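Me: I have a model open on my screen and would like to walk through it with you. Could we take it piece by piece?

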Amino acid sequence: MPDRSPSLPLRGRSVECGALDQLIVSARAGHSQVLVLHGEAGIGKTALLEYLFTRSAGCRVARSAGVESEMELPFAGLHQLCVPFLGLLDRLPEPQRDALQTAFGMRGGTVPDRFLVGLAVLTLLSEVAEEQPLICVIDDAQWLDRATTQTLTFVARRLLAESIAVVFALREFGNQQDLSGLARLAVEGLMEADARELLQTVVTGPLDPQVRDRIVAETHGNPLALLELPHGLTATQLAFGPDAASMPLANRIEQGFLRRVHPLPVETQQLLLLAAAEPVGDLTLLWRAAHRLSIRPDAAKPATAAGLLELGGRVRFRHPLVRSAVYRSASDAERRSVHEALAEATDPAVDPDRRAWHRANAATGTDDGVADELESSAARAQTRGGVAAAATFLEHASRLSVDARLRARRALAAAQAHRQAGAFESSLALLAQAASGPLTAFEQAQGDLLRAQIIFATTFGADAPPMLLSAARRLEPLDVHLARDTYLEALAAVRFAADGDGAMVSEVARAARAAPPAPEPVRAIDLLVDGLAVRYTDGMAAAKATLKQAVAAFNGPELPPGVGLQWLWFAGMTAMELWDDTAWLNLADRHVRLVRDLGVLPLLPIALSTRSAVHVCAGELHEAAQLNDEVGRVTELLGGQLGPYASLNFAATRGREGDALDLIETAISDSRAHGQGLAVVISNYAGALLYNGLGRYEQALSAAERATVLPEDLGGNTWALAELVEAAHHSRQPERGAEALSRLSRITQAAGTDWGLGLQAAMTALLTDGDAAEPLYREAIGRLGQTRIRLALARAHLLYGEWLRRRKRRIDAREHLRTAFEMLSAMGVEGFAERARRELAATGETARKRVMETHLELTAQERQIARQAADGRTNPEIGAELFISARTVEWHMRKVFTKLDITSRRQLREALPRPGRSTASA
C-alpha cells in the first residue's frame, strides 16, 4: 500500500476509522471494547489495522495473525499474541499459570482445561493493561487454530472494565461461529468516487474512462484489487479493457500478485515459496532451509525490491494473499520439496510438531515413520489441551499409515479426539472410516460407545439410551469398568429421555443388574449403578441401603476429581430422591466447588443448576437467581443445550405467571422435538407448582397428573405427587389425590427422613377428615423444621393455617398464616405468599405486602460478587471463580457500594441478608 501519514484517515473509510478511534478512546478510559472486522479478501481490513496502530500512541499493541498452514497447531496464534508478556506469568494465580505454561509447552502436566487457559490469558492481559492501555489485534482470524479462537473468544466475552481493546479481522463471517455474539463491522467496497481516485493513484498512463469504470465495477470497490490489478495490464488493455474475468475476486487479486512474481528469478520464486510454507516467520529457519535447497542469500533482493516480501526481524509478506498466491500456484512436487527442506531445518527437539507437520506435507504416499511422528504430536497436543489439533494430527496419521489395522485404530482415536473438541460431524465421519478397517472387538465396542455418546451429547433425547445400552453390553466381556461406566451413562440418559411407560428405564436397569459384578475395590460409580439398577427393578425400599452407600461414597474424601466432575450431579439427584437434604446440599456444594477449582467451565451449568434447586427448596430465591443468571451467561458462552431446569423451578416457585408460562411452554415444545421426556415432566411439575401457588387448583391438578405419568420407582417426579395431592384436595376431588398419596408414601416411607416423612404427613393431613388431621399437620411442621427445606416448612404452615381457618379457629389460624406469609414473602415466593395473605385477611388480620429490600436493586452478578466479598474473598479469587478479571470485579464492587450506600467491605455483611436470615424466626 502507498505510504500514508498516520494523521490521515483512509480514503472512504470514515465510519470504520471512527469505530477504531472509539475503541482506543474507550481503552484509554478503562472500558473494554471488542470489534470483529469482516469482509472479503483485499477489502482493506489489514489497512484498517495499520490505521489502528498509527492511532495507538501511549498504548501497548499486541499482534497475532492466523496462518492457514498452521491451523492444526494448538495455541499457535495465542502464543504469538502472548509471547511479549510471558515475563508477567509469575503474577498469575498458580493454577492459571500452570495451565497457560502447559498449553504453550513450557512445562509438562495434565491436560489444561481450555477455559482455565482462557482465564489465564484474561488475567495476563489485564495485568498488562494495568500498566498501559492494551490494543490486541488478531488478523486473518479465519486461519487461527481452534484452541486459539476459543480462548480469545472467551477472553473477549469476559472483558468489561479493563483498559483493553480487541480487534479481530477475518474474511467472510459464516465459518467463524466461535466469534458469534461479538460486536462486528462489515468492511465493504469503496464508493465509486473513492474507488476511481484510488485507482488513479496507481495508473501512470492514459486510462480510458470506460475501462476505468469497468475495473471499478468488476472489483466492487475492493481496494487491494484496485491497487494490484492494473500492474498486470498492458497499455493496450488499459486503453481497450482487460479480458473478462470469471474467477472469484480473491483469485483475481492473487493472479495480480502472481503477475509480479513470475518475472522474478527462479531462485527468488523458490525462496518465496519456502517463506510461504513456513508460517512462523523465523528468518533463521528460513535461511537454514534455503541452504538445503542451495538458494543463495541474494535471492531475496528481487522479492523485497518488488514489495512482495519483508525480511526484518521476521519474515513478512506484503499481504496474506501474496503468501496464498505463491503457495497455491506451486506444483505438488514444488510444495513437497520446500516442506521437506523445512522439516530438515527444524530442530526435532525444539519443535517436533512443526517438523512432523512439514514431513507430512512432504510425504508422497503412505509413510509409517511420519504417521508415528504425527501420533506423537497428537499425544503432545492432548497434554496441552489442544484436542482439535490432536484430532487433526491423528486424522493425517491415519491417512499416512501403511498398515490397515493401524489406519483404522488411528481413525478411531481421531474420532474420539474430534468428539472431545465438539466436532461431532467430523467424529462420525472418522468413525465410519474406522469401521471399514480391521478393528479389535474392544475397538469396535469403543466405536459404538463413541457414537452413542455423540447422540446423547447432541440431543439428550430418546435415541441415546438404547445405543448406550448396546455399547455397555458389548463392553461387558472386554472391560468391566468401562462397561459399568457406560451403564451409568445409559441410566443417566434414560432419565433425560423419561419414556412414558418406563419400559426403557426397566430394560437398562435389568441389563445393568445382570452385568458382571464390580471388581474390588468397589468404586462410587459401581455403588450408584447397582443401587439404581435395584431401584428401577425392585423399588426404592430394596435399593435404599446401596444408594445411601453410593451417596456417602460420592461425599467421601477418596473420590477421584474426574469422577466427581462427571457424576456428582447424578449422585446429588439420587440424594434428593432419597429425601436426604443434607447429602443433597453437600453434593451440590462439592460439585460447584470442584468445577470452579479445576476451572472446568463446560460442567458449570449443570453444577449451578443443581445448586440452584437446593436454594429454591431452602427458600433462598435470591441466591438461586444469581446462580441461574450465571447458568445463562455460561450456557450462552458455551453454546450448550442444557434444558432450562433451574429456571423452570425458580420461575414456578416465585409465582409470576407470565414469566413462568413462557418458560414452560417453550421448554415443552423444545423438549418434545428432541425427545427429552424429563424436561416435559419437569415443565408440567412447574405448572402444577405455579397453579397451586396461584390458587388455580383445577389447572394444577391437570399439570400434576401429566407430571406423574412415569412410575416413581422408574424415575418419576415424586415432588409432583405432592402437588397432585394438594391440588386434588382443594379441587374437592380427594379420590384423585388418594392414589398419588399412596405412591408418594411408598417412597418417603422407604427414605425415612424428616424431609420425606414431613411432606408425607402434610399430604396425609390434607386427605384426613376431622380432628385426626391436626397431629399430622403438627408432625409435618416439626419434621420439616429440622431440615434445610424451608419452602416446604412455610407451605406446611400455610396448609395448617388454612385448615384451622376452615375449622373456625381464627386465632390459631392467624399464627400459622402469619408465619407462612412472612416466610414466603421474605423468600420472594410471591404466588404462595399472596395465597397466605388472602387467607390471613379472611381471619380478620391485614398483612402488608413486603417492600423489596435495597439489596434487590443489585443485579444477580453484583449480588454474587458482593456475597463473596462479604465472605472475605479477594478480587482475584472472586474473578477466578466467576471467570472474570479482578478489574471487572472491582468495577462491580464500586457499583455495589453505590447502590448499598456503603463505603467499605466491612459493611457488606450487614448490608446483605444472609441465607436463611429471614426465616430464622420460623
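Predicted model: local features only at pLDDT ≥ 70, side-chain atom pairs only at ≥ 80, totals over all residues.

Me: How many of the ten residues of helix H15 are buried?
Reply: Residues are numbered from 1 along each chain as its sequence is written, and side-chain values use heavy atoms, with hydrogens and water left out. Buried means under 20% relative accessible area, exposed over 50% and partly exposed in between, with a 1.4 Å probe and protein chains only. Helix H15 (residues 320-329) is mostly covered, and its buried residues number seven.

Me: Which residues of H15 are buried?
Reply: Helices here are DSSP runs (H or I, at least four residues), as are strands (E, at least two), numbered from the N terminus. In H15 the buried ones are Pro320, Leu321, Val322, Arg323, Ser324, Ala325 and Val326.

Me: What does the secondary structure of the whole chain come to, and what share of its residues is buried?
Reply: The chain's secondary structure comes to 46 helices and seven strands. Of its 922 residues, the share that counts as buried is 57%.

Me: Which residues touch the most other members of the largest nonpolar core?
Reply: A nonpolar core is a set of buried Ala, Val, Leu, Ile, Met, Phe, Trp, Tyr and Cys residues joined through side-chain atoms within 4.5 Å. The largest one has 195 residues. Its largest share, eleven residues, comes from helix H5 (residues 114-131). The members touching the most others are Phe168, Phe554, Phe570 and Met763.

Me: Which residues does Phe570 touch, not counting residues up to four places away in sequence?
Reply: Contact means heavy atoms within 4.5 Å. Leaving out residues up to four places away in sequence, Phe570 touches Leu488, Leu491, Ala492, Arg495, Leu528 and Leu532.

Me: How many residues are in the second, separate core?
Reply: That core includes Leu264, Val322, Ala341 and Leu342. Val322 is also one of the buried residues of H15. The size of this second core is 35 residues.

Me: At what angle do H36 and H38 pack?
Reply: Two packed helices are described by the angle between their axes and the distance between the axes. The axes are lines fitted to C-alpha atoms, for helices over the stretch in contact, and angles run from 0 to 180 degrees between N-to-C directions. Helix H36 (residues 718-730) and helix H38 (residues 754-766) have axes 9 Å apart, and their packing angle is about 20°.

Me: Is that arrangement parallel or antiparallel?
Reply: Angles under 35 degrees count as roughly parallel, over 145 as roughly antiparallel, 65 to 115 as roughly perpendicular and the rest as oblique. The angle between H36 and H38 is about 20°. That makes the two helices roughly parallel.

Me: Which residues of H38 meet H36?
Reply: From H36, the residues taking part are Trp719, Ala722, Val725, Glu726 and His729. Their partners in H38 are Trp755, Leu759, Met763 and Leu766.

Me: What is the angle between H41 and H42, and which way do they run?
Reply: Helix H41 (residues 810-827) and helix H42 (residues 830-842) have axes 9 Å apart and pack at about 155°. The two helices are therefore roughly antiparallel.

Me: Is Phe75 buried or exposed?
Reply: Phe75 is in the loop between strand E2 (60-65) and helix H3 (76-82). Its phi is positive, about 65°, although Phe75 is not a glycine. With a relative accessible area of 2%, Phe75 is buried.

Me: And is Arg732 buried or exposed?
Reply: Arg732 sits in the loop between H36 and helix H37 (734-751). Arg732 is not a glycine either, yet has a positive phi of about 60°. At 77% relative accessibility, Arg732 counts as exposed.

Me: Which peptide bond is cis, with omega near -5°?
Reply: Look in the loop between helix H25 (503-514) and helix H26 (524-538), where Pro521 lies. The cis bond runs from Glu520 to Pro521.

Me: What separates the C-alpha atoms of Ala541 and Ala750?
Reply: Ala541 lies in helix H27 (residues 540-554) and is exposed, at 63% relative accessible area. Ala541 and Ala750 are 209 residues apart along the chain, and their C-alpha atoms are separated by 4.9 Å.
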